[in-house]
Amino acid sequence: MTKDDFAALQLRHQESGKTLKEFLKDLGVGYSTYNYWRKEYLTEDEPQELAPISLRDSFCRL
């Protein structure tokens, strides 16, 4: 899949009004396949979402 193909896929998803998983299921594309290509084409200028973490003091004590 080229970067242009992936961009077109993302645009079609946005226009569909469906959840990403529903959209991909209708196309017969696996969610893991989509994520593989998303990571391949993610550029440095696009921020990645980070999962929130919580650090507790008990982990920092020796």
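Which residues does leucine 24 touch, not counting residues up to four places away in sequence? In this predicted model, leucine 24 is in contact with Val29, Gly30, Tyr31 and Tyr34. Two of these names, Tyr31 and Tyr34, will come back as we walk through the structure.

Let's step back to the whole chain. Of the 62 residues in the chain, 13% are buried. The accessible surface comes to about 5800 Å², and carbon and sulfur atoms account for 52% of that surface.

Now to the interior. In soluble globular proteins, nonpolar side chains tend to be buried together. Here the largest nonpolar core has 7 residues in all: Phe6, Leu9, Leu20, Phe23, Leu24, Tyr34 and Tyr41. Helix 1 (3-16), helix 2 (20-27) and helix 3 (31-41) each contribute at least two residues to this core. Helix 2 gives the largest share, 3 residues. Leucine 24, where we began, is a member of this core, and so is its contact Tyr34.

The aromatic residues deserve a look of their own. A pair of aromatic rings is described by the distance of the centres and the angle of the planes. The count for this chain is 4 aromatic pairs. In one of them, the rings of tyrosine 36 and tryptophan 37 have centres 5.0 Å apart and planes at 80°; because an angle over 60 degrees counts as edge-to-face, this pair is edge-to-face. Tryptophan 37 also pairs with tyrosine 41, and this pair is stacked, with 5.6 Å from centre to centre and 20° between the planes. Both of these residues belong to helix 3, where they are 4 residues apart, about one turn of the helix. Ring pairs join Phe6, Tyr34, Tyr36, Trp37 and Tyr41 into a cluster. Among the cluster members, Phe6, Tyr34 and Tyr41 also belong to the largest nonpolar core.

Finally, return to tyrosine 31, one of the contacts of leucine 24. Over its ring sits the charged end of lysine 21, 4.9 Å from the ring centre. Lysine 21 lies in helix 2, and with a relative accessible area of 55% it is exposed, because the cut-off for that class is over 50%. Lysine 21 and tyrosine 31 are 10 residues apart along the chain, with 6.6 Å between their C-alpha atoms.

Conventions. Residues numbered from 1 in each chain as written. Predicted model: local features only at pLDDT ≥ 70, side-chain atom pairs only at ≥ 80, totals over all residues. Heavy atoms only, no water. Core = buried A, V, L, I, M, F, W, Y, C linked by side-chain atoms within 4.5 Å. Buried < 20%, exposed > 50% of the residue type's maximum accessible area, 1.4 Å probe, protein only. Contact = heavy atoms within 4.5 Å. Phe/Tyr/Trp six-rings, centres within 6.5 Å; stacked < 30°, edge-to-face > 60°. Lys NZ or Arg CZ within 6 Å of the ring centre and 35° of its normal. Areas by Shrake-Rupley, 256 points an atom, 1.4 Å probe, with all protein chains shown as cover.
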